[in-house]
Amino acid sequence: MINSNNQLVDKINGITITIKREDLIDDYFSGNKLRKLKYNLQKAKDLGLDKIITFGGPFSNHLYATALLSNKLNIPSVGFIRGEELKNNEKYNHTLSICKMNGMDLKFISRSSYKHKESSFEVKSYLKNNNNVLIIPEGGSNELGIKGCKEILNEIDLSFDAICCPIGTGGTITGIIECSKKNQIIIGFPSLMNQSLKKNIRNMTKKSNWIIQNDYIFGGYAKVSEELVDFINNFYKKYKILLDPIYTGKMLFGIFDLIKKNKWNWGKNILIIHTGGQQGIIGMNQKLFSKGKLIINFPENY
Ligand SMILES: *Cc1c(COP(=O)(O)O)cnc(C)c1O
């Protein structure tokens with residue numbers, strides 16, 4: 001059983017804020033991607049499969065976690081990467097260098113092929129010669145991934161009024177909704193505009209004690225503003241908790257903003273899931289730096 005600690009962070013306008021430190025489960029294997037991979041990798045081991053095959057963008061937390069964990073479990077992994085920009089590039093970004101160092105076989109495919117995933121020409125021809133494999137979807141949000149996310153909440157967590165969670169595909173929040181209590185409300189903060197998100201979550205859970213808060217997307221996935229970077233830096237200064245710019249930073253910005261503007265309507269005692277993802281800071285900083293923009297302070301001893 002994987003366990004993480006709850007950290008009481010602050011009380012603002014009468015609202016008590018606690019953060020579940022899923023990002024600290026382990027020095028290397030942390031966050032919701034670990035939760036989602038747990039039962040998937042166990043399946044690959046149990047069935048004696050030769051390889052894990054999965055998908056992601058060049059900064060993907062999921063690819064990163066898959067490479068590290070499959071390496072640890074001695075299962076070769078293959079990552080199909082969105083876009084061919086880095087194909088012949090000797091120098092990968094931080095995420096992909098770590099994937100490579102952990103033995104992941106990186107295959108760059110065009111964005112149009114990437115859209116089709118398993119049914120693209122490249123992946124199909126790869127699978128022709130490699131069929132004893134486990135294919136894990138982008139982000140790891142299949143049934144086994146959600147099963148892993150059902151283990152995020154423990155008994156104590158069922159006493160909070162509200163639980164906040166960032167959203168990409170919606171797999172993590174589904175696991176949390178599934179094991180929450182009826183009188184709790186689960187609030188999801190998406191990091192990208194996705195018209196079918198609600199429908200997707202409804203397809204994965206029958207429960208209805210959840211809402212989506214769409215006001216803190218900051219222009220889209222992997223987009224950040226100077227205000228957000230500033231918030232992340234101040235948050236670390238004040239609470240010594242490092243947020244990632246893609247998911248947890250946007251969510252916490254949103255929660256603090258709503259509380260400060262007296263727009264928080266979901267109870268006095270809230271639990272926020274820190275889903276990890278800090279590896280993405282390094283790549284984001286490379287991008288921000290090259291544009292001459294404010295970067296995220298990465299603590300030296302992190
Ligand atoms: C992938 C990811 C999410 C989103 O999880 P989904 O299950 O895809 O909704 C949230 N936070 C972090 C840090 C992530 O890496």
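Leu 73 counts as partly exposed because its relative accessibility is 32%, where partly exposed denotes the range between buried (under 20% relative accessible area) and exposed (over 50%), with a 1.4 Å probe and protein chains only. The structure is a predicted model, in which local features need pLDDT of at least 70 and side-chain atom pairs count only at pLDDT 80 or more, whereas totals for chains, interfaces and linings use all residues. Residues are numbered from 1 along each chain as its sequence is written, and side-chain values use heavy atoms, with hydrogens and water left out.

Leu 73 is placed in the loop between helix 2 and strand 4 (77-82); helices (H or I, at least four residues) and strands (E, at least two) are DSSP runs numbered from the N terminus. Apart from neighbours within four places in sequence, Leu 73 is in contact (heavy atoms within 4.5 Å) with Leu 41 and Lys 45. Between Leu 73 and Phe 298 the C-alpha to C-alpha distance is 29 Å, at a sequence separation of 225 residues.

Helix 1 comprises 16 residues (residues 31-46), and its end C-alpha atoms are 23 Å apart, in agreement with the 22 Å that should be spanned at 1.5 Å a residue; the expected span is 1.5 Å times one less than the number of residues. A kink of about 35 degrees is centred on Leu 37 in this helix, the bend being the angle between axes fitted to the seven residues ending at a residue and the seven starting there. The buried residues of helix 1 include Leu 34, Leu 37, Tyr 39, Leu 41 and Ala 44. Strand 3 (51-56), helix 2 (61-72), strand 6 (133-135), helix 6 (143-149) and helix 7 (171-178) are the elements against which the buried residues of helix 1 pack.

Contacts link 21 residues of domain 1 with 18 residues of domain 2. The two domains bury about 1900 Å² between them, 55% of it on carbon and sulfur atoms; buried area is the accessible area (1.4 Å probe) lost by two parts on being put together, summed over both. Leu 144, Glu 151 and Gln 279 supply 31% of the area that domain 1 buries against domain 2, more than any other three residues.

The largest nonpolar core has 37 residues, and those with the most contacts inside it are Phe 235, Ile 255, Trp 264, Ile 270 and Ile 272. Such a core is a set of buried Ala, Val, Leu, Ile, Met, Phe, Trp, Tyr and Cys residues joined through side-chain atoms within 4.5 Å. Among the elements giving two or more residues to this core are strand 1 (6-12), strand 8 (185-190), helix 10 (248-260) and strand 10 (269-274). A second, separate core of 17 residues includes Phe 160, Ile 177, Trp 210 and Ile 273.

Positive phi values also occur in residues other than glycine, including Lys 117, near 45 degrees, and Ala 222, near 65 degrees. Lys 117 lies in the loop between helix 4 (111-116) and helix 5 (121-129) and counts as buried at 16% relative accessibility. Ala 222, in the loop between strand 9 (210-212) and helix 9, is partly exposed, with a relative accessible area of 24%.
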